[in-house]
Amino acid sequence: MATPVAFVSHGAPTLALDLERGADLTRWAATLGRPRALLVVSAHWLDTPPAIGTRQPRELLHDFSGFPEPLYHLRYDAPAAADVAERVEALVPDVRRDDARPWDHGVWVPLRHMFPAADVPVVQLSLPFRWSPRQLFELGQRLATLRDRGVLLLASGGAVHNLGRLHWSGDTEPPAWATDFEAWLRERLAARAFDDVVAFRDKAPSPELAHPTDEHFLPLLVALGAAGDRDEPVQFPVTGFEYGSLSRLCVQFG
């Protein structure tokens, strides 16, 4: 049985310290089983052509500012999945190496809750954001065979992500533009209408508000490619909004 493909809306960096919201990710990951390794594509490493990050444990990248001091001292000491990196090189001919690149918070923030024991090897692949949405989908297709080797492909971004419209002072009712976009996305994913999701700029309601920039949505397209050829259920194990319009939606394929 193939290992699932997952998309996580990783939220704000403070999620790493939030045990209540993090518990939703912990419960979800418990249903996934223990993968042999994790291949993570994060919205916070934009590099074209795609690059493979560190193949050995390193200090984490705390790629944010202005947050509580404890965040800057957090660790996630999982082993690096060097063997998966080699396999990715075979599957993606134009991939390059960046052995000095540590894991950014799009990797370690959700993984601290999903796999808190830090005992599953991890490797990160950059998001080639200069590629077209169709090319990102095709990248996922190239990576799909990793699922048969026990590798969980985790796309880390945000289903609705507009930092300029957030209410940092507390949670409020999400605005219609955010709920309409997310509802459209969930309906299209459940129907496996992946071509519509790839063309979200033309198909979705209020895409310019849901995603003023694309980087938090694009990891989902890689996940769709890895899931696209198999007739598998699509699940939404974590839902809801925080800070008004920041979606918490997580998606599981398989």
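Predicted model: local features only at pLDDT ≥ 70, side-chain atom pairs only at ≥ 80, totals over all residues.
**Strand β1**

Strand β1, comprising residues 5-9, is mostly covered, with 5 of its 5 residues buried.

| Partner strand | Residues | Sense | Bridges to β1 |
|---|---|---|---|
| β6 | 151-157 | parallel | 5 bridges |
| β10 | 250-253 | antiparallel | 3 bridges |

Valine 5 has leucine 153 as its bridge partner in β6, while phenylalanine 7 stands opposite valine 251 in β10.

**Helix α4**

In helix α4, which spans residues 133-143, the buried residues are Leu136, Phe137, Leu139, Gly140 and Leu143. These residues lie on the same side of α4 because they cover an arc of only 150 degrees around its axis. The elements against which the buried residues of α4 pack are β2 (37-46), α2, β5 (122-127), α6 (194-198) and α9 (218-227).

**Glycine 66**

Glycine 66 is located in the loop that lies between β3 (51-52) and α2 (82-91). Its relative accessibility is 78%, and since exposed means over 50%, glycine 66 counts as exposed. Between the C-alpha atoms of glycine 66 and alanine 100 the separation is 25 Å; along the chain, these two residues are 34 residues apart.

Key
Residues numbered from 1 in each chain as written. Heavy atoms only, no water. Buried < 20%, exposed > 50% of the residue type's maximum accessible area, 1.4 Å probe, protein only. Helix = DSSP H or I, 4+ residues; strand = E, 2+ residues; numbered from the N terminus. Pairing = 2+ DSSP bridges. Arc of directions from axis to C-beta. Contact = heavy atoms within 4.5 Å.
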